[in-house]
Amino acid sequence: MRPHLGAQVARHAVLALFAVLFALPLYLAVVAATRSAPAFLNGVPVAPGGQLGHNLSQVFGRGITNSPAIGNLMVNSAVMALGVSLGKLVLSVPVAYAVVFFRFRGRLVAFWLVLATLMLPVEVRFFPTYQVTTQLGMLNSFSGLIVPLIASATAVFFFRQSFRSFPLELADAARLDGIGPLGFLWRVVLPLSKPGLAAVFVLEFIYGWNQYLWPLLVTSGTHTTVVMGIREMISAAQSFAVPQWNLVMTVALLGLLPPVLVVLIMQRWFVRGLTAGIS
Amino acid sequence: MGVSVLARQTPSAVPAAPEGLAAKRRRRPAGGAGPAIFDHRFLPYLLVLPELVVVGVFFVWPTVRTFVEAFERSNAFGLGTRFSGLSNFVDAVANGNYLQALEVTVVFAASTTVASMAIGLFLAVEVEHLRRGKAVYRTLFVWTYAVPGAIAGSLWLFLFQPDLGPGARLLTQLGVHWNFALHGAQALGLVVALTVWQQSAYNFLFFTAGLQTVPGHVYEAAAIDGAGALGTFWLITLPLLSPTTLLLSVMDVLYAFFSSFAVIDIVTQGGPAGATTTLVYQLYQDGFQNADTGLAGAETVVLIAIAAVFLFAQVRLLERRAHYR
C-alpha cells in the first residue's frame with residue numbers, strides 16, 4: 001500500500017496548489033477590502049485588516065465620489081435578477097406545456113421559432129435590440145432591463161424534456177376527475193416539477209445578476225446594477241491621489257457573493273443533474 | 001437567452017419524472033406527433049402568446065431590421081437611407097480594424113479553450129482518483145464560474161495594476177516590464193489568463209459529470225492488463241470522454257466569441273491599439289461610440305452567421321452524444 005499512499009499525498013498536494021491559485025484573486029480582494037487605501041502603496045499586506053466595517057459603511061453611505069451609492073445598485077441588481085429569472089419561468093413553462101400536452105396548428109413553428117433565439121445571444125443582437133428598446137421608450141426602466149432578456153430557449157427546451165417524461169396516465173386520471181388543462185398544470189405538473197423549476201430559477205438568477213453589457217446600454221444613474229456600476233467605481237477610485245482599491249474590492253465582494261453562494265449551495269444538484277444529462 | 005448563456009449553463013440537466021410513475025408510462029408515438037392529450041381551441045395559443053410576443057418584438061423584428069440596415073446607407077444628412085448592396089460589408093472588411101478584431105477573437109478563443117479544457121480535465125481526473133475529499137475539491141474548483149465577468153475583471157485589474165497590484169509587483173520583481181496598458185501582448189495575456197481562471201471551473205464541472213459515466217470495471221480491466229496511469233488516461237479516459245470534450249470545445253469557443261465583453265470592457269477597453277478588441281467589442285465601438293448604423297448592422301449579420309454555425313455544431317454534437325447511449 002505504500003506507493004498508493006504516496007500517490008494520494010502527491011495528488012492532494014497538486015490539487016491543493018491549484019485550489020490556492022484559484023482562490024488567490026478572491027483572497028487578495030478580501031485583504032484589500034479589509035484595509036485602508038494607503039495600505040497597498042508600499043507593498044502588499046498578506047493578511048486581512050480590520051477596516052471592512054469602515055469600507056462597507058463608506059460604500060453604502062456616500063459611495064465613492066462621483067459614483068452611485070451601493071445600496072441602490074444592490075437593490076437594482078436583485079430586482080433585475082429576480083425579474084429575469086421569474087419572467088423566464090412564467091414565459092417558458094406555458095410554452096413547454098402547450099407544446100407537449102396540446103396538438104395545435106403552428107405548434108412546431110412556435111417551438112422552432114423559440115429555439116432559433118439560441119442563435120441570438122444578447123451580445124450578438126444588442127445593437128438592433130437597443131434600437132427597438134429605445135423606440136418603445138423603455139430606456140432607464142426596469143422593464144427595459146428585464147423584458148428584452150426574458151425569452152428563453154434553454155428554459156423552454158428544459159421544461160419540454162421534463163414534461164415529456166410525465167406519464168400520460170396522470171393526464172387521463174385528471175381528465176376523469178374533471179380537472180381541466182390549467183388545473184392539471186397548476187395542481188399536478190408544477191408540483192412534480194419543483195426540482196427542475198428551482199434549478200432553472202437558480203441558473204437564470206445568476207444569468208440576470210451577472211449581466212453587464214445590457215444594463216450598460218439601457219440604463220444610467222438610477223437603474224444601474226452592481227455588476228455594471230463597478231466600471232464607474234473603478235474610474236472614480238483611480239481619480240484619487242491614493243487609488244481607492246479598498247472600496248472597489250469591497251463592492252466587488254458584494255457583487256460576487258450572491259451568485260457564488262447560490263452556485264455553492266446548488267452544487268451537489270449540479271453534478272447530479274449534469275450526470276443524468278450526459279449519461 | 002442565447003448561445004453564450006447556454007454555454008454558461010448546464011443545459012442537459014433534465015429532471016426525471018418521479019420514480020414509479022415513469023415505470024408504468026404509456027409509450028408515446030415516435031416523433032411526438034401523437035394525439036392531443038388535451039383538446040382546447042384557444043388555450044394553447046394563449047399559453048405560447050407571451051413568449052412569442054417577446055421573441056417577436058426583441059428578437060425577430062430587430063434581427064430583420066438589422067438585415068435590412070446592413071444593406072442600406074444613410075445619406076449625407078442622415079435624413080434617409082438607400083439600398084447600398086454589400087458596401088457595408090466591404091467597408092467592414094476593408095477596415096483593417098475588423099480583420100485585426102477577427103484575428104484577436106480567434107487567438108483569444110483558441111488559447112482560452114485549449115487552456116481551460118486542459119486544466120479542467122486535469123483537475124477533474126485527479127479529483128476523481130482521490131479516495132477522500134472529492135466534495136471539498138469540487139467546491140474549491142467550481143466557484144469561479146459563478147463570478148460575474150465584470151467583477152472577475154475588477155479583481156484581476158486590481159491584481160495586475162502596474163506598480164500597485166500584488167501580481168504586477170511580483171512580475172516586476174521577476175524582471176518583467178509589466179504595463180498592460182502599453183504592451184498589447186501583456187493585455188491579451190491578462191484577459192486570456194482571467195478567462196481561463198473562470199472557464200476552467202466550467203470545464204471541470206462538465207468533465208466531472210462526464211467521468212461519472214465511465215464504468216468502474218473498465219478501469220479494473222485496465223489495471224489487470226497492467227496499464228499505467230498515463231496509459232489508462234490516453235487509452236481509456238480520454239476516448240470515453242470524447243463526447244463531453246467535443247461539446248465543451250464548442251461551448252468554450254462560443255463563450256470566448258460572445259461573452260468576453262464584460263471582462264474586456266473592464267480590464268482593457270479593447271486596447272492598447274486594438275490588441276484586445278474582439279468582434280463583439282468592435283461592434284460595440286462601431287455601433288455606440290461611432291454610431292455607424294449600417295456598419296454595425298453588417299457586423300451584427302456576420303456575428304449571427306458565426307453564432308448559427310456554432311449552434312448547428314452544438315446541436316449535432318448533442319445528437320451524436322445521444323447516440324452513445
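Angles under 35 degrees are taken as roughly parallel, over 145 as roughly antiparallel, 65 to 115 as roughly perpendicular and the rest as oblique. Axes are lines fitted to C-alpha atoms, for helices over the stretch in contact, and angles between N-to-C directions run from 0 to 180 degrees. The structure is a predicted model, in which local features need pLDDT of at least 70, side-chain atom pairs count only at pLDDT 80 or more, and totals for chains, interfaces and linings use all residues. Residues are numbered from 1 along each chain as its sequence is written, while chains are lettered from A and ligands numbered from 1 in the order in which they are written.

The axes of helix H3 (residues 70–101) of chain A and helix H12 (residues 226–238) of chain A cross at roughly 150 degrees and come within 9 Å. H3(A) and H12(A) are therefore roughly antiparallel to each other. Contact is defined by C-beta atoms, placed from the backbone, that lie within 7 Å. On the H3(A) side, A:Ile70, A:Leu73, A:Met74 and A:Ser77 meet A:Val226, A:Val227 and A:Gly229 of H12(A). By class, the contact of H3(A) with H12(A) has five nonpolar, two polar and no charged residues; here Ala, Val, Leu, Ile, Met, Phe, Trp, Tyr, Cys and Pro count as nonpolar, Asp, Glu, Lys and Arg as charged, and the others, Gly among them, as polar.

In the second pair, the axes of helix H7 (residues 153–164) of chain A and helix H10 (residues 194–210) of chain A come within 11 Å and cross at roughly 170 degrees. This angle makes H7(A) roughly antiparallel to H10(A). The crossing of H7(A) with H10(A) is right-handed (a crossing is right-handed if the near helix is turned clockwise from the far one by less than a right angle, and left-handed if anticlockwise). H7(A) contributes A:Ala155, A:Phe158, A:Phe159 and A:Ser162 to the contact, and H10(A) contributes A:Gly196, A:Val200 and A:Glu204. Four nonpolar, two polar and one charged residues make up the contact of H7(A) with H10(A).

Between the chains, 97 residues of chain A are in contact with 98 residues of chain B. Helix H13 (residues 245–278) of chain A supplies the largest share of the side of chain A that touches chain B, namely 20 residues. That side of chain A comprises 73 nonpolar, 18 polar and six charged residues.

Chain B contains 13 helices and two strands. Of its 325 residues, 46% count as buried, where a residue is buried if 20 or more other C-beta atoms, placed from the backbone, lie within 10 Å of its own, exposed if 12 or fewer, and partly exposed in between. Among contacts in chain B between residues at least 6 apart in sequence, 71% join residues at least 24 apart.

The domain assignment of chain B gives domain 1 (46–85) and domain 2 (95–323), with bounds that come from an automatic or database domain assignment. The C-alpha centres of domain 1 and domain 2 of chain B are 32 Å apart. Seven residues from domain 1 of chain B and six residues from domain 2 of chain B form the contact. On the side of domain 1 of chain B that touches domain 2 of chain B, the elements giving two or more residues are helix H2 (43–69) and strand E1 (72–74) of chain B. By class, this side of domain 1 of chain B has two nonpolar, two polar and three charged residues.

Individual residues were also considered. A:Asn140, although not a glycine, has a positive phi of about 55 degrees. A:Asn140 lies in the loop between helix H5 (122–135) and helix H6 (142–146) of chain A and is partly exposed, with 14 other C-beta atoms within 10 Å. B:Asp163, likewise not a glycine, has a positive phi of about 70 degrees. The loop between helix H6 (149–159) and helix H7 (166–173) of chain B holds B:Asp163, which is exposed, with 10 other C-beta atoms within 10 Å.

B:Gln173 lies in helix H7 of chain B and is exposed, with 9 other C-beta atoms within 10 Å. B:Gln173 and B:Ser116 are 57 residues apart in sequence and 27 Å apart in space, C-alpha to C-alpha.

How values were computed
Helices (H or I, at least four residues) and strands (E, at least two) are DSSP runs, numbered from the N terminus. Two residues are in contact if their C-beta atoms, placed from the backbone, lie within 7 Å.
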